[in-house]
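Subject: Handover of a structure for your review

Dear colleague,

Please find the structure below, together with its sequence. My notes on what was found in it follow directly after.

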Amino acid sequence: IVSTFNNYNDLYPDWTQREVSTGTTIMAVEFEGGVVIGADSRTTTGAYIANRVTDKLTPIHERIFCCRSGSAADTQAIADAVTYQLGFHSIELDEAPLVQTAASLFREMCYRYREELMAGIIVAGWDPRRGGQVYTVPVGGMMTRQPVSVGGSGSSYIYGYVDSNYRAGMSKEECLKFTAEALTLAMERDGSSGGVVRLAVISEQGVERQVILGNQLPKFSTV
Amino acid sequence: MSEELFPEPEWLSEEVKTGTTIIAVTFDGGVVLGSDSRVSAGESVVNRVMNKLSPLHDKIYCALSGSAADAQTIAEIVNYQLDCIKHEEDDPLVCSAATLVKNISYKYKEELSAHLIVAGWDRKKGGQVYATLNGLLSRQPFAIGGSGSFYINGFVDAEYRKNMTKRESQEFVVNALTLAMGRDGSSGGVAYVVTIDKDGAEEKCVLGNELPKFFDE
(Lines give C-alpha, C1' and ligand atoms only; values in the text may rest on other atoms or scores of the structure.)
Protein backbone atom coordinates (compact mmCIF):
# COMPACT_ATOMS: atom_id res chain seq x y z
CA ILE A 1 0.00 0.00 0.00
CA VAL A 2 1.65 3.19 -1.18
CA SER A 3 0.56 6.54 0.13
CA THR A 4 0.40 9.03 -2.70
CA PHE A 5 -0.91 12.54 -3.03
CA ASN A 6 -1.58 12.18 -6.74
CA ASN A 7 -2.91 9.22 -8.65
CA TYR A 8 -1.81 8.33 -12.18
CA ASN A 9 -5.45 7.60 -12.88
CA ASP A 10 -6.55 11.18 -12.36
CA LEU A 11 -5.87 11.81 -16.05
CA TYR A 12 -8.69 9.47 -16.97
CA PRO A 13 -11.84 9.43 -14.83
CA ASP A 14 -11.93 5.81 -13.84
CA TRP A 15 -15.35 5.83 -12.32
CA THR A 16 -16.84 5.39 -15.77
CA GLN A 17 -15.37 1.90 -15.86
CA ARG A 18 -15.76 0.93 -12.23
CA GLU A 19 -18.55 -1.10 -10.76
CA VAL A 20 -20.84 0.57 -8.28
CA SER A 21 -19.95 -0.74 -4.87
CA THR A 22 -21.14 -0.05 -1.38
CA GLY A 23 -17.63 0.15 0.09
CA THR A 24 -19.07 0.38 3.48
CA THR A 25 -19.17 -0.05 7.16
CA ILE A 26 -22.09 -1.99 8.57
CA MET A 27 -22.69 -3.24 12.08
CA ALA A 28 -25.28 -5.05 14.15
CA VAL A 29 -25.45 -5.68 17.91
CA GLU A 30 -27.81 -7.86 19.93
CA PHE A 31 -29.23 -6.59 23.21
CA GLU A 32 -31.82 -7.89 25.64
CA GLY A 33 -35.07 -7.45 23.74
CA GLY A 34 -33.84 -6.67 20.24
CA VAL A 35 -31.04 -5.58 17.97
CA VAL A 36 -29.38 -2.33 16.97
CA ILE A 37 -28.18 -2.06 13.38
CA GLY A 38 -26.16 0.69 11.75
CA ALA A 39 -24.49 1.65 8.50
CA ASP A 40 -22.73 4.55 6.81
CA SER A 41 -24.30 6.13 3.74
CA ARG A 42 -21.70 6.22 0.97
CA THR A 43 -21.96 4.41 -2.40
CA THR A 44 -18.95 4.73 -4.67
CA THR A 45 -18.08 4.06 -8.30
CA GLY A 46 -14.31 4.09 -8.08
CA ALA A 47 -13.41 7.47 -6.62
CA TYR A 48 -16.78 9.09 -7.35
CA ILE A 49 -19.41 9.03 -4.64
CA ALA A 50 -22.53 8.02 -6.51
CA ASN A 51 -24.82 8.41 -3.52
CA ARG A 52 -23.84 10.14 -0.29
CA VAL A 53 -27.08 9.43 1.55
CA THR A 54 -27.60 5.76 0.73
CA ASP A 55 -29.81 3.64 2.91
CA LYS A 56 -28.03 0.34 3.39
CA LEU A 57 -30.44 -0.90 6.04
CA THR A 58 -33.00 -2.75 3.98
CA PRO A 59 -36.23 -4.17 5.41
CA ILE A 60 -36.80 -7.82 4.55
CA HIS A 61 -39.83 -8.25 6.72
CA GLU A 62 -41.61 -6.33 9.43
CA ARG A 63 -38.99 -7.01 12.10
CA ILE A 64 -36.11 -8.32 10.03
CA PHE A 65 -33.57 -6.10 8.31
CA CYS A 66 -30.41 -6.69 6.40
CA CYS A 67 -27.29 -4.52 6.21
CA ARG A 68 -25.74 -4.60 2.76
CA SER A 69 -22.08 -4.38 1.77
CA GLY A 70 -20.24 -5.24 -1.43
CA SER A 71 -21.67 -4.73 -4.88
CA ALA A 72 -24.74 -2.50 -4.71
CA ALA A 73 -26.44 -4.30 -7.60
CA ASP A 74 -25.83 -7.78 -6.21
CA THR A 75 -27.02 -6.96 -2.72
CA GLN A 76 -30.14 -5.18 -3.93
CA ALA A 77 -31.04 -8.12 -6.16
CA ILE A 78 -30.46 -10.66 -3.39
CA ALA A 79 -32.44 -8.61 -0.89
CA ASP A 80 -35.36 -8.30 -3.30
CA ALA A 81 -35.37 -12.04 -3.93
CA VAL A 82 -35.20 -12.91 -0.23
CA THR A 83 -37.92 -10.37 0.61
CA TYR A 84 -40.21 -12.11 -1.86
CA GLN A 85 -39.37 -15.60 -0.62
CA LEU A 86 -39.74 -14.65 3.02
CA GLY A 87 -43.05 -12.88 2.41
CA PHE A 88 -44.40 -15.96 0.70
CA HIS A 89 -43.14 -18.24 3.47
CA SER A 90 -44.64 -16.02 6.14
CA ILE A 91 -48.07 -16.09 4.49
CA GLU A 92 -47.90 -19.88 4.25
CA LEU A 93 -46.95 -20.15 7.91
CA ASP A 94 -49.44 -17.49 8.95
CA GLU A 95 -47.03 -16.10 11.52
CA ALA A 96 -43.95 -13.91 11.72
CA PRO A 97 -40.90 -15.57 10.15
CA LEU A 98 -37.81 -16.39 12.17
CA VAL A 99 -34.68 -14.29 11.72
CA GLN A 100 -32.80 -17.54 11.21
CA THR A 101 -35.05 -18.35 8.27
CA ALA A 102 -34.26 -15.04 6.62
CA ALA A 103 -30.55 -15.59 7.24
CA SER A 104 -30.76 -19.09 5.75
CA LEU A 105 -32.41 -17.75 2.62
CA PHE A 106 -29.60 -15.25 2.23
CA ARG A 107 -27.05 -17.96 2.79
CA GLU A 108 -28.64 -20.27 0.22
CA MET A 109 -28.41 -17.63 -2.44
CA CYS A 110 -24.99 -16.27 -1.51
CA TYR A 111 -23.44 -19.74 -1.37
CA ARG A 112 -25.06 -21.11 -4.52
CA TYR A 113 -24.00 -18.15 -6.62
CA ARG A 114 -20.80 -17.42 -4.75
CA GLU A 115 -18.68 -17.19 -7.94
CA GLU A 116 -20.87 -14.55 -9.51
CA LEU A 117 -21.77 -12.53 -6.46
CA MET A 118 -19.87 -10.05 -4.34
CA ALA A 119 -22.03 -9.55 -1.30
CA GLY A 120 -21.41 -9.33 2.43
CA ILE A 121 -24.66 -9.18 4.35
CA ILE A 122 -25.60 -8.94 8.01
CA VAL A 123 -29.14 -10.12 8.81
CA ALA A 124 -30.63 -8.85 12.05
CA GLY A 125 -34.05 -8.72 13.59
CA TRP A 126 -36.42 -9.80 16.29
CA ASP A 127 -38.76 -12.76 16.42
CA PRO A 128 -41.01 -13.98 19.23
CA ARG A 129 -39.20 -17.29 19.59
CA ARG A 130 -35.60 -16.22 20.11
CA GLY A 131 -35.69 -12.45 20.60
CA GLY A 132 -33.03 -10.26 19.02
CA GLN A 133 -30.57 -12.06 16.77
CA VAL A 134 -27.70 -11.13 14.46
CA TYR A 135 -26.54 -13.46 11.70
CA THR A 136 -23.63 -12.67 9.43
CA VAL A 137 -23.39 -13.96 5.86
CA PRO A 138 -20.04 -12.76 4.54
CA VAL A 139 -18.62 -13.11 1.00
CA GLY A 140 -18.47 -16.80 0.16
CA GLY A 141 -21.76 -17.69 1.72
CA MET A 142 -21.14 -18.99 5.23
CA MET A 143 -23.64 -18.11 7.94
CA THR A 144 -23.06 -17.74 11.62
CA ARG A 145 -24.81 -16.11 14.55
CA GLN A 146 -22.82 -13.58 16.55
CA PRO A 147 -23.74 -11.20 19.36
CA VAL A 148 -22.00 -8.40 17.50
CA SER A 149 -20.96 -8.30 13.87
CA VAL A 150 -19.25 -5.77 11.63
CA GLY A 151 -18.85 -5.86 7.87
CA GLY A 152 -17.77 -3.96 4.81
CA SER A 153 -14.47 -2.39 3.85
CA GLY A 154 -14.43 -0.07 6.84
CA SER A 155 -14.91 -2.90 9.31
CA SER A 156 -11.22 -3.87 9.35
CA TYR A 157 -10.40 -0.63 11.12
CA ILE A 158 -12.77 -1.18 13.99
CA TYR A 159 -12.20 -4.81 14.92
CA GLY A 160 -9.91 -3.69 17.72
CA TYR A 161 -12.42 -1.12 18.95
CA VAL A 162 -15.36 -3.53 18.86
CA ASP A 163 -13.39 -6.35 20.54
CA SER A 164 -12.36 -4.08 23.38
CA ASN A 165 -15.59 -2.16 23.93
CA TYR A 166 -18.30 -4.78 23.48
CA ARG A 167 -19.78 -6.18 26.65
CA ALA A 168 -22.61 -8.68 26.92
CA GLY A 169 -25.78 -7.32 28.47
CA MET A 170 -25.63 -3.73 27.22
CA SER A 171 -28.83 -1.70 27.20
CA LYS A 172 -30.45 -0.32 24.06
CA GLU A 173 -28.97 3.15 24.61
CA GLU A 174 -25.50 1.75 25.21
CA CYS A 175 -25.73 -0.31 22.03
CA LEU A 176 -26.81 2.74 20.03
CA LYS A 177 -23.89 4.75 21.38
CA PHE A 178 -21.45 1.87 20.80
CA THR A 179 -22.63 1.42 17.20
CA ALA A 180 -22.55 5.14 16.40
CA GLU A 181 -19.03 5.50 17.77
CA ALA A 182 -17.71 2.44 15.97
CA LEU A 183 -19.19 3.56 12.65
CA THR A 184 -17.79 7.06 13.12
CA LEU A 185 -14.29 5.70 13.71
CA ALA A 186 -14.51 3.52 10.63
CA MET A 187 -15.82 6.37 8.51
CA GLU A 188 -12.89 8.53 9.56
CA ARG A 189 -10.37 5.98 8.33
CA ASP A 190 -12.04 4.27 5.37
CA GLY A 191 -12.24 6.32 2.19
CA SER A 192 -15.13 4.19 0.95
CA SER A 193 -17.27 4.88 4.01
CA GLY A 194 -18.73 8.20 4.99
CA GLY A 195 -21.72 10.51 4.94
CA VAL A 196 -24.26 10.08 7.70
CA VAL A 197 -24.79 7.29 10.18
CA ARG A 198 -28.09 5.47 9.83
CA LEU A 199 -29.27 3.51 12.85
CA ALA A 200 -32.29 1.32 13.53
CA VAL A 201 -33.56 -0.47 16.61
CA ILE A 202 -35.65 -3.58 16.04
CA SER A 203 -37.61 -5.01 18.94
CA GLU A 204 -40.98 -6.41 19.85
CA GLN A 205 -42.42 -2.90 19.61
CA GLY A 206 -41.32 -2.54 16.01
CA VAL A 207 -38.62 -0.55 14.23
CA GLU A 208 -37.29 2.87 15.22
CA ARG A 209 -34.99 4.54 12.72
CA GLN A 210 -32.65 7.45 13.22
CA VAL A 211 -30.05 9.40 11.29
CA ILE A 212 -26.98 11.07 12.77
CA LEU A 213 -25.74 13.84 10.50
CA GLY A 214 -22.06 14.50 9.86
CA ASN A 215 -21.73 17.41 12.25
CA GLN A 216 -23.51 15.55 15.02
CA LEU A 217 -21.22 12.51 14.95
CA PRO A 218 -19.22 11.76 18.13
CA LYS A 219 -15.79 13.37 18.22
CA PHE A 220 -12.57 11.66 19.21
CA SER A 221 -9.45 13.31 20.50
CA THR A 222 -7.22 12.87 17.48
CA VAL A 223 -9.71 13.47 14.69
CA MET B 1 -9.31 -4.88 -9.57
CA SER B 2 -6.36 -2.91 -11.00
CA GLU B 3 -6.94 -0.22 -13.58
CA GLU B 4 -6.21 -1.57 -17.09
CA LEU B 5 -4.63 1.64 -18.37
CA PHE B 6 -1.75 1.49 -15.87
CA PRO B 7 -1.33 -2.15 -14.85
CA GLU B 8 0.69 -2.80 -11.72
CA PRO B 9 3.98 -4.63 -12.28
CA GLU B 10 3.70 -8.16 -10.97
CA TRP B 11 6.72 -8.14 -8.74
CA LEU B 12 5.10 -5.47 -6.59
CA SER B 13 2.55 -7.95 -5.37
CA GLU B 14 4.97 -10.81 -4.89
CA GLU B 15 7.06 -9.41 -2.07
CA VAL B 16 7.55 -11.40 1.09
CA LYS B 17 5.50 -9.75 3.76
CA THR B 18 6.48 -10.09 7.37
CA GLY B 19 3.06 -9.18 8.70
CA THR B 20 3.37 -7.32 11.94
CA THR B 21 1.83 -4.95 14.37
CA ILE B 22 3.92 -2.06 15.66
CA ILE B 23 2.92 0.96 17.69
CA ALA B 24 4.62 3.91 19.35
CA VAL B 25 2.96 6.39 21.71
CA THR B 26 4.18 9.56 23.39
CA PHE B 27 3.38 10.25 26.99
CA ASP B 28 4.31 13.10 29.27
CA GLY B 29 8.03 12.51 29.68
CA GLY B 30 8.83 9.87 27.07
CA VAL B 31 7.59 7.28 24.63
CA VAL B 32 6.43 3.69 24.69
CA LEU B 33 7.04 1.39 21.72
CA GLY B 34 5.42 -1.99 21.20
CA SER B 35 5.54 -4.81 18.70
CA ASP B 36 4.39 -8.38 18.24
CA SER B 37 6.92 -11.14 17.64
CA ARG B 38 5.80 -13.09 14.61
CA VAL B 39 7.74 -13.42 11.36
CA SER B 40 5.70 -15.32 8.83
CA ALA B 41 6.42 -16.43 5.30
CA GLY B 42 3.13 -17.41 3.70
CA GLU B 43 1.39 -19.71 6.17
CA SER B 44 4.48 -20.68 8.08
CA VAL B 45 5.74 -18.83 11.13
CA VAL B 46 9.50 -18.77 10.73
CA ASN B 47 10.23 -16.95 13.98
CA ARG B 48 7.74 -16.65 16.81
CA VAL B 49 9.89 -14.65 19.21
CA MET B 50 11.47 -11.97 17.07
CA ASN B 51 12.02 -8.62 18.75
CA LYS B 52 11.06 -5.97 16.24
CA LEU B 53 12.08 -3.06 18.43
CA SER B 54 15.60 -2.19 17.42
CA PRO B 55 17.82 0.32 19.23
CA LEU B 56 19.22 3.14 17.13
CA HIS B 57 20.81 4.81 20.12
CA ASP B 58 20.57 4.79 23.93
CA LYS B 59 17.28 6.66 24.01
CA ILE B 60 16.09 6.18 20.44
CA TYR B 61 14.47 3.00 19.21
CA CYS B 62 12.77 2.05 15.99
CA ALA B 63 9.99 -0.44 15.32
CA LEU B 64 10.38 -2.59 12.21
CA SER B 65 7.67 -3.66 9.81
CA GLY B 66 7.40 -4.73 6.20
CA SER B 67 10.23 -6.73 4.71
CA ALA B 68 12.38 -7.93 7.61
CA ALA B 69 15.60 -7.79 5.64
CA ASP B 70 15.01 -4.23 4.47
CA ALA B 71 13.95 -2.98 7.87
CA GLN B 72 16.84 -4.55 9.74
CA THR B 73 19.34 -3.19 7.27
CA ILE B 74 17.98 0.34 7.52
CA ALA B 75 18.09 0.12 11.31
CA GLU B 76 21.70 -1.09 11.29
CA ILE B 77 22.84 1.62 8.90
CA VAL B 78 21.17 4.37 10.92
CA ASN B 79 22.57 2.91 14.13
CA TYR B 80 26.05 3.18 12.61
CA GLN B 81 25.43 6.71 11.37
CA LEU B 82 24.23 7.80 14.79
CA ASP B 83 27.25 6.24 16.45
CA CYS B 84 29.46 8.41 14.29
CA ILE B 85 27.68 11.52 15.51
CA LYS B 86 27.90 10.36 19.12
CA HIS B 87 31.37 11.74 19.60
CA GLU B 88 30.33 15.30 18.76
CA GLU B 89 27.12 15.56 20.76
CA ASP B 90 25.86 13.79 23.84
CA ASP B 91 22.38 12.88 22.74
CA PRO B 92 21.40 12.82 19.09
CA LEU B 93 17.97 14.29 18.51
CA VAL B 94 15.14 11.89 17.73
CA CYS B 95 14.41 14.11 14.76
CA SER B 96 17.93 13.46 13.42
CA ALA B 97 17.52 9.70 13.72
CA ALA B 98 14.14 9.87 12.02
CA THR B 99 15.55 12.02 9.23
CA LEU B 100 18.37 9.55 8.64
CA VAL B 101 15.84 6.74 8.39
CA LYS B 102 13.65 8.82 6.10
CA ASN B 103 16.57 9.64 3.82
CA ILE B 104 17.32 5.99 3.22
CA SER B 105 13.64 5.06 2.86
CA TYR B 106 13.07 7.82 0.35
CA LYS B 107 16.22 7.43 -1.69
CA TYR B 108 15.68 3.71 -2.17
CA LYS B 109 11.91 3.69 -2.07
CA GLU B 110 11.58 1.65 -5.27
CA GLU B 111 13.77 -1.13 -3.93
CA LEU B 112 12.82 -1.14 -0.28
CA SER B 113 9.55 -1.98 1.33
CA ALA B 114 9.89 -1.33 5.00
CA HIS B 115 8.10 1.01 7.33
CA LEU B 116 9.98 2.06 10.43
CA ILE B 117 8.49 4.01 13.27
CA VAL B 118 11.21 5.98 15.08
CA ALA B 119 10.59 7.00 18.66
CA GLY B 120 12.69 8.22 21.54
CA TRP B 121 13.50 10.90 24.05
CA ASP B 122 15.88 13.82 23.79
CA ARG B 123 16.58 16.82 25.97
CA LYS B 124 15.25 19.33 23.49
CA LYS B 125 11.72 18.12 22.75
CA GLY B 126 11.14 15.24 25.16
CA GLY B 127 9.30 12.18 23.88
CA GLN B 128 8.64 12.10 20.13
CA VAL B 129 7.27 9.63 17.61
CA TYR B 130 8.03 9.84 13.90
CA ALA B 131 6.43 7.80 11.12
CA THR B 132 8.59 7.24 8.04
CA LEU B 133 6.28 5.38 5.71
CA ASN B 134 7.60 5.25 2.13
CA GLY B 135 9.99 8.11 2.64
CA LEU B 136 7.56 10.53 4.27
CA LEU B 137 8.55 12.00 7.63
CA SER B 138 5.75 12.89 9.96
CA ARG B 139 5.82 13.65 13.67
CA GLN B 140 2.70 12.34 15.40
CA PRO B 141 1.43 11.89 18.95
CA PHE B 142 1.30 8.15 18.18
CA ALA B 143 1.85 5.90 15.19
CA ILE B 144 0.81 2.41 14.23
CA GLY B 145 2.13 0.22 11.45
CA GLY B 146 2.17 -3.22 9.94
CA SER B 147 -0.60 -5.46 8.63
CA GLY B 148 -2.18 -5.80 12.05
CA SER B 149 -2.47 -2.06 12.49
CA PHE B 150 -5.52 -1.83 10.21
CA TYR B 151 -7.65 -3.60 12.78
CA ILE B 152 -6.80 -1.22 15.58
CA ASN B 153 -7.22 2.09 13.76
CA GLY B 154 -10.62 2.56 15.34
CA PHE B 155 -9.39 1.49 18.74
CA VAL B 156 -6.41 3.83 18.88
CA ASP B 157 -8.42 6.75 17.46
CA ALA B 158 -10.98 6.30 20.20
CA GLU B 159 -8.78 5.44 23.16
CA TYR B 160 -5.72 7.65 22.75
CA ARG B 161 -5.57 10.59 25.11
CA LYS B 162 -2.92 13.27 25.24
CA ASN B 163 -0.74 13.36 28.37
CA MET B 164 -1.33 9.84 29.57
CA THR B 165 0.90 8.62 32.35
CA LYS B 166 3.67 6.12 31.69
CA ARG B 167 1.58 3.30 33.13
CA GLU B 168 -1.49 4.18 31.04
CA SER B 169 0.60 4.39 27.86
CA GLN B 170 2.08 0.96 28.49
CA GLU B 171 -1.38 -0.49 29.03
CA PHE B 172 -2.65 1.26 25.92
CA VAL B 173 0.18 -0.25 23.86
CA VAL B 174 -0.32 -3.75 25.24
CA ASN B 175 -4.09 -3.58 24.69
CA ALA B 176 -3.65 -2.35 21.13
CA LEU B 177 -1.14 -5.10 20.34
CA THR B 178 -3.35 -7.77 21.87
CA LEU B 179 -6.38 -6.68 19.87
CA ALA B 180 -4.39 -6.60 16.64
CA MET B 181 -2.80 -9.98 17.30
CA GLY B 182 -6.26 -11.37 17.94
CA ARG B 183 -7.48 -10.41 14.49
CA ASP B 184 -4.41 -10.44 12.23
CA GLY B 185 -3.16 -13.86 11.24
CA SER B 186 0.28 -12.43 10.49
CA SER B 187 0.77 -10.98 13.97
CA GLY B 188 1.12 -12.95 17.14
CA GLY B 189 3.41 -14.47 19.72
CA VAL B 190 4.50 -12.25 22.58
CA ALA B 191 4.40 -8.51 22.98
CA TYR B 192 7.65 -6.59 23.31
CA VAL B 193 7.37 -3.22 25.00
CA VAL B 194 10.11 -0.60 25.32
CA THR B 195 9.67 2.48 27.48
CA ILE B 196 12.04 5.39 26.92
CA ASP B 197 12.29 8.43 29.16
CA LYS B 198 15.02 10.71 30.45
CA ASP B 199 16.50 7.90 32.51
CA GLY B 200 16.98 5.53 29.60
CA ALA B 201 15.26 2.64 27.88
CA GLU B 202 13.52 -0.23 29.64
CA GLU B 203 12.69 -3.38 27.67
CA LYS B 204 9.92 -5.72 28.66
CA CYS B 205 8.37 -8.84 27.21
CA VAL B 206 4.73 -9.72 27.90
CA LEU B 207 4.13 -13.41 27.33
CA GLY B 208 1.06 -14.75 25.54
CA ASN B 209 -0.77 -15.91 28.64
CA GLU B 210 -0.16 -12.60 30.40
CA LEU B 211 -1.83 -10.57 27.65
CA PRO B 212 -5.22 -9.01 28.49
CA LYS B 213 -8.35 -10.89 27.46
CA PHE B 214 -11.23 -9.41 25.50
CA PHE B 215 -14.82 -10.48 25.21
CA ASP B 216 -14.51 -13.35 22.80
CA GLU B 217 -11.89 -15.30 24.72
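Helix 4 of chain A has 18 residues, and its first and last C-alpha atoms are 26 Å apart, close to the 26 Å expected at 1.5 Å a residue. Please note that this is a predicted model. The buried residues of this helix include A:Cys175, A:Leu176, A:Phe178, A:Glu181 and A:Met187. Helix 4 of chain A lies across strands 2, 3, 11, 12 and 13 of chain A, and runs at about 165° to strand 2 of chain A.

Those strands make up an open sheet of 5 strands in chain A, with the order 11-2-3-12-13 and antiparallel pairing. Strand 11 (148-151) and strand 13 (206-212) of chain A each have a single partner strand and stand at the edges, so one side of each has no neighbour in the sheet. On average, neighbouring strands of this sheet are turned by 15° against each other, direction ignored. Strand 12 (residues 197-203) and strand 13 of chain A are joined by 7 bridges in the antiparallel sense. A:Ser203 has A:Gly206 of strand 13 of chain A opposite to it.

Helix 2 of chain A (residues 99-112) may be treated in the same manner. Its 14 residues should span 20 Å at 1.5 Å a residue, and the end C-alpha atoms are 20 Å apart, which agrees. Which residues of helix 2 of chain A are buried? They are A:Val99, A:Ala102, A:Ala103, A:Phe106, A:Met109 and A:Cys110. Seen down the helix axis, the buried residues of helix 2 of chain A fall within an arc of 130°, so they line one face of the helix. The buried residues of helix 2 of chain A pack against helix 1 (72-93) and against strands 6 (57-61), 7 (64-71), 8 (119-127) and 9 (131-137) of chain A.

A:Tyr161 and A:Phe178 form a stacked pair, at 6.2 Å centre to centre and 25° between the planes. This pair links distant parts of the chain, with A:Tyr161 in helix 3 and A:Phe178 in helix 4 of chain A, 17 residues apart. A:Tyr161 is buried at a relative accessible area of 2%, and A:Phe178 is buried at 5%. In chain B, one aromatic cluster is formed by B:Phe142, B:Phe155, B:Tyr160 and B:Phe172.

Lastly, B:Glu110 lies in the loop between helix 2 (94-107) and strand 7 (117-122) of chain B. B:Glu110 counts as exposed because its relative accessibility is 61%.

Kind regards

Conventions
Residues numbered from 1 in each chain as written. Chains lettered and ligands numbered in written order. Predicted model: local features only at pLDDT ≥ 70, side-chain atom pairs only at ≥ 80, totals over all residues. Heavy atoms only, no water. Helix = DSSP H or I, 4+ residues; strand = E, 2+ residues; numbered from the N terminus. Expected span 1.5 Å × (residues − 1). Buried < 20%, exposed > 50% of the residue type's maximum accessible area, 1.4 Å probe, protein only. Arc of directions from axis to C-beta. Contact = heavy atoms within 4.5 Å. Phe/Tyr/Trp six-rings, centres within 6.5 Å; stacked < 30°, edge-to-face > 60°. Pairing = 2+ DSSP bridges. Axes fitted to C-alpha atoms, helices over the stretch in contact; angles between N-to-C directions.
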